Amino acid sequence: MPEKPNWRTSTYTSQDSCVEVADNRPQTVMVRDTKNRDYGVVAVASEAWTAFVQCLKHYPAV
């Protein structure tokens, strides 16, 4: 049985105005909207999420 998602938000945002990420599963990272948690979840491969985050580090925050 898969582990229950451990949802968390970024330390850079308030609790209710961003996305939540669950990355406690070995091969999948899940993302959902904090304002509409019941709308669904986007699941991506862990490697793709890591590449996405690394890419974001090269851009200044808006």
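Q: How many helices and strands are there in the protein chain of this predicted model?
A: The protein chain has 1 helix and 4 strands. Along the sequence they follow the pattern β-β-β-β-α.

Q: How do you know what confidence the predictor has in the protein chain?
A: The pLDDT, which runs from 0 to 100, averages 86 over the protein chain, and 85% of the residues score at least 70.

Q: Why are Trp 49 and Phe 52 called an aromatic pair?
A: Their ring centres lie 5.4 Å apart, and rings pair if the centres lie within 6.5 Å, so the two count as a pair. A search of the whole structure finds 1 aromatic pair.

Q: What makes the pair of Trp 49 and Phe 52 tilted?
A: The angle between the planes is 45°. Stacked needs under 30 degrees and edge-to-face over 60, so this pair is tilted.

Q: Where in helix 1 are Trp 49 and Phe 52 placed relative to each other?
A: In helix 1 (residues 46-56) they are 3 residues apart, and therefore separated by about one helical turn.

Q: Why is Phe 52 called partly exposed?
A: Its relative accessible area is 44%. Buried means under 20% and exposed over 50%, so Phe 52 is partly exposed.

Q: How do you know which charged end sits over the ring of Trp 7?
A: The charged end of Arg 32 sits over that ring, 4.0 Å from its centre; the distance cut-off is within 6 Å.

Technical notes: Residues numbered from 1 in each chain as written. Predicted model: local features only at pLDDT ≥ 70, side-chain atom pairs only at ≥ 80, totals over all residues. Heavy atoms only, no water. Helix = DSSP H or I, 4+ residues; strand = E, 2+ residues; numbered from the N terminus. Phe/Tyr/Trp six-rings, centres within 6.5 Å; stacked < 30°, edge-to-face > 60°. Buried < 20%, exposed > 50% of the residue type's maximum accessible area, 1.4 Å probe, protein only. Lys NZ or Arg CZ within 6 Å of the ring centre and 35° of its normal.
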